[in-house]
Amino acid sequence: MALIAILPGDGIGPEVTREARRVLEQVGDFDFEEASVGGAAYRETGHPLPDATLALAKRSDAVLFGAIGDPEFESLERSLRPEAALLGIRKELGLFANLRPAKLFAGLEEASSLRPEIARSIDVMIVRELTGDVYFGEKGQGTTDAGLREGHDLMRYDEAEVARIARVGFETAKRRKGLLCSVDKANVLETSQLWRDVVIEISAEYPDVSLSHMYVDNAAMQLVRDPGQFDVIVTGNLFGDILSDQASMCAGSIGMLPSASLAGEGGLGMYEPIHGSAPDIAGQGKANPCAAILSAAMLLRYSLGMTDAADRIEAAVAKAIADGARTADLGGTLSTGAMADAVLGALA
Ligand code: IPM
Ligand code: MG
């Protein structure tokens, strides 16, 4: 039986993963094991990513992740903060490819920050590189010769890192509309120039995919001007972080967007809602469980090959939304549990 590791984490993480687990239990038989991560793990063990948690993730068939982040721990040294657990797990498991689909569910036009006729057109898959870039480069703070405090973070990619994420982008585009837009800042950054050169080289392997390039500032603008022009976006870690949050609001609510973090063909996968821990609403039963439920669907699709079950869950979320089920982020009043009940009802 497939082993699914659940790492609920902080804030609303436990509430939304609980509902995602109920949905998984309705479509198949799985072994579940839970372990703590982030601020919750720091509180219990003094470290945000305990060895036992990492070991569980490694021996599982797939990981369902909640969220991390807790204001209580913001002043700890960086390696002990909750975020270090998420970055550490991505790096340790080699999860270099982050898939973040942003699609508007019919009925949520009014929840989008865009005009309905523009919001309706969004259906983009952001392929974000996840284990390199300025996130993982040399960083530090120091003092200049003039005695001023300074801070620095090195932005860096090597060609192999760019080539493998580019291939994920091309493969993803091949299975969709065949349009790949590579986003960089090659007019200013050498890292981006290398990125662009390598993406162009890899494009020779994919004659059936149409490749375009866009600077990240323009991409941010085009994403709100005419999101329908995008099919697949491939980009680096930092730009992908920012653009995927932006895309989520175009698609209605950050409470609706799932993600998959993959180690490549046949490797492990981790699945998490892209919203964070939302400490302001934690423990109140207000969080939207849909992003976690849709992450569970991605888990079935990418790690367990259960395409039918994944399709059914996605259809159930769409039906629940179409029938009017809404949590607060979508302008409604349903609790986390009641929203999941609506999805389970649609699934039955
Ligand atoms: C995300 C988050 C993380 C990131 C944070 C919590 C470290 O914003 O998954 O998008 O920056 O990658
Ligand atoms: Mg982010």
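Colleague: Which helix gives the most to the lining of the largest pocket, and with how many residues?

Modeller: In general, rolling a probe the size of a water molecule over the atoms shows where empty space is left. Here, helix 4 contributes the most to the lining of the largest pocket, with five residues. A pocket is an open set of points on a 1 Å grid over the protein atoms alone, with protein on both sides within 12 Å along at least five of seven lines, and lining residues have an atom within 4 Å of a point. Helices (H or I, at least four residues) and strands (E, at least two) are DSSP runs numbered from the N terminus. This is a predicted model, in which local features need pLDDT of at least 70 and side-chain atom pairs count only at pLDDT 80 or more, while totals for chains, interfaces and linings use all residues. Residues are numbered from 1 along each chain as written, chains are lettered from A and ligands numbered from 1 in written order, and side-chain values use heavy atoms, without hydrogens and water.

Colleague: What is the volume of the largest pocket, and which residues lie nearest its centre?

Modeller: The volume is about 740 Å³, taken as the space filled by probe spheres set on points joined across faces, edges and corners. Of its 31 lining residues, Glu-83, Leu-86, Leu-87, Arg-90 and Tyr-135 lie nearest the centre. Strand 3 (62-67), helix 4 (82-92) and helix 9 (237-250) are the elements that each give two or more residues to this lining.

Colleague: Why does the largest pocket lie between domain 1 and domain 2?

Modeller: Domain 1 (1-95 + 265-348) and domain 2 (113-250) both supply lining residues, so the pocket lies between them. These bounds come from an automatic or database domain assignment.

Colleague: Which residues are around ligand 1?

Modeller: With a cut-off of 4 Å between heavy atoms of a residue and the molecule, they are Glu-83, Arg-90, Arg-100, Arg-128, Tyr-135 and Asp-241. An oxygen atom of the ligand is 2.5 Å from a polar side-chain atom of Tyr-135. For Arg-100, a side-chain N or O atom is 2.9 Å from a ligand oxygen.

Colleague: How much space lies in the largest cavity?

Modeller: About 80 Å³; a cavity is a set of points where a 1.4 Å probe fits but cannot get out. Helix 7 provides the largest share of its lining, three residues. Among the lining residues are Asp-133, Trp-195 and Phe-239.

Definitions and conventions. A polar contact is a pair of N or O atoms within 3.5 Å; within protein, one must be able to donate a hydrogen and the other to accept it, and residues adjacent in sequence count only if both atoms are side-chain atoms.
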